[in-house]
Amino acid sequence: MNGLSKKLTHLKRVVKTTATAEKCKSLLENCAKTKSLRSTKGVHAHTITLGLLPSLSSNHLLSLLTAAYALCGHTSYARTLFDELPRRTLLSYRSMIRMYTEKGLPNVALKIFGEMLRSDKHKPDRHTFPYVIRACSDLLLLQQGIVIHGLTVVSGFIWDTFVGNSLLTMYMSCGDKKGARRVFDAMQARTIVTWNTMISGYCRNDSPKEALMIFKRMADAGVDADCATVLSLLPACGRLKDFEMGREVHSLVEELSFWDSLSVRNAVVDMYVKCGRMDEARLVFEKMVNRDVVTWTTMIHGFISAGDIKNALWFSQRMQLEGVKPNAVTLSSLLAACASLPHLRLGKCLHAWAIRQDLQSDVNVETGLIDMYAKCNSFRLGYQVFAKTSKKRTVPWNAILSGCLHNELAREAIELFKLMLSEAVKPNDATLKSVLPAFAIEADLRQALSIHSYLVRSGFVTRTEVATGLVDIYSKCGNLDNSHKIFNGIPKKERDIILWSTLIAGYGMHGHGEMSLSLFNQMVQSGIKPNEVTFTSVLHACGHAGLVDEGLCLFNFMLRNHSDSLRVDHYTCMVDLLGRAGRLEEAYELIKTMIFEPSHAIWGALLGACMIHENVELGELAARWLFKLEPENTGNYVLLGKIYSAVGRWKDAENVRVLMDEIGLVKSPAQSVIGAATR
């Protein structure tokens, strides 16, 4: 009887323990859903007190505890329990992968996923794949993402919308728009998240046109936009300057009652600003009850971009009067306004304000100050700002290099660039854009060879814009062979109009007019449309080489096929070309047919040619125009006097000198280099 009683007591204890364990499991499942760390700790303590964990059937309970702690975001507790699990379950693996992904540790999440696959005991499910794909997305691991994509296909989860959306995000984050589009087109069911992921992905990858096309497909499919949709669409409209589409999205915002969102209102203002519609932007701005620093900064930046500095400064005052404190972005925009004016005094006031607000160390403010001082011809003050920077960021270096060029300090720019490299600061495209022209200005072949070697070692030389800079440098140094070698090293498909024009100008500069013409013909045959700069370069080349008929032929080609590229400079080149050849009447007839008002450069070219060929009649005509256009230019009076003297009209030559005296003009005295050296 006692034995039976003991068995019944044990059985009751087992039933009670099992019931308690089941209750704990139910509680843990609820803790995981609510993500309540406090409740999870309470249940955990209860299981320890009741002695539930050491039992042989505790693996599932431990797995639930691990999952609960993981979903609550308690990394250390979840990891400890996960490591102590006798047998790891799919739930524990899935929870740990999710936790590490959400905690910003995607590399650890992928490591655990790899362990799971190698165990060959559990296969990932529809709840596991999205977090693994997100981990690849966060690390920009496209190839690993493609492998995971393949696993979803093999596992049969590719048709799950949540998995599909995760793949779209991964491909877009890695810049693979085609991969994302293939997934999108294959999806059988699409949610608003799907459409938004494609729209925002195209925007992030500089494809605003494709973003708008996806939105139109979304509308045709009868899917209603949400707040996230318009927040992606408005920047796309701004990027494309598509005012009409932007206005449609604005109407959609009001129709769907998204106007309560400040971020949406700011996006609408920004869209109108980027479209250059400051009147519409201002109307929206004035209707807004609440405005933050982003709203004000957007308007200030818009006025600056439109060249309306007065309103930009007025809005900055209004902002402060309304109690909105400017931030570093606002300040950098205002500094840009001072640079464009230029307005040194106001720039100094902004500098002082930045110091008071402790914003002077912000990289945007530092860059804005350096640029402002350089544009206001106070390079020394800009350099003082630069000297106080950390010297580890590329942007301030770019600003000071650009400032050197603006102030014609080419040699100083080169020395600073060398210092930048010695400080182990990595140059970028903007750096080279600022410093390569300095090497061209210096025209030092030794320096040119040095920068060329660096660009080869660093891999920059393969970029077309960098190669163009090198072509220009070697051309200025007179080494046309190296210029042409670099040009030939660029694949034909990547040779743009700027590269062609630079090489053409290089040959023309050194009197190789026939080669310039040959290159121009090659460029046209390759399908590149010449622009006004190219035509100017070739016409100059013809002028330097005395290729009159060739120049006329080219000019007529312009008139027939590229009249939209015609500029005053082209007529100046032709007048100079014909004038040098003694064909003065033709030059004058060309001036009379001009669609532009003849400039002082054109009449100056004709007057110079008249002096060379002693043509008094046309010389007087050109001089009369020049006296009106440039009344204080003594050179024009001197040239006319020389024409009169050359043909023996001494009285007229004397009258020109008298006229100069009456006006109060004095001919600049000639200077002797030897005399200057001995003084």
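The points below take the basis of the model, then the pocket, then the residue.

1. This is a predicted model, in which local features need pLDDT of at least 70 and side-chain atom pairs count only at pLDDT 80 or more, while totals for chains, interfaces and linings use all residues. Residues are numbered from 1 along each chain as its sequence is written, and side-chain values use heavy atoms, with hydrogens and water left out.

2. The largest pocket holds about 460 Å³ of space. A pocket here is an open set of points on a 1 Å grid over the protein atoms alone, where a 1.4 Å probe fits, with protein on both sides within 12 Å along at least five of seven lines. The volume is the space filled by probe spheres set on the points.

3. Lining residues, those with an atom within 4 Å of a point, number 22 for the largest pocket, and Glu 465, Thr 468, Gly 469, Ile 498 and Thr 502 lie nearest its centre. Helix 25 (429-442), helix 27 (464-476), helix 29 (497-509) and helix 31 (532-545) each give two or more residues to this lining; helices are DSSP runs (H or I, at least four residues), numbered from the N terminus.

4. Asn 636 belongs to helix 37 (residues 634-646). Asn 636 counts as buried because its relative accessibility is 6%, the limit being under 20% relative accessible area with a 1.4 Å probe, protein chains only.

5. Beyond its neighbours within four places in sequence, Asn 636 is in contact (heavy atoms within 4.5 Å) with Leu 607, Leu 626, Phe 627 and Glu 630.

Technical notes:
Buried < 20%, exposed > 50% of the residue type's maximum accessible area, 1.4 Å probe, protein only.
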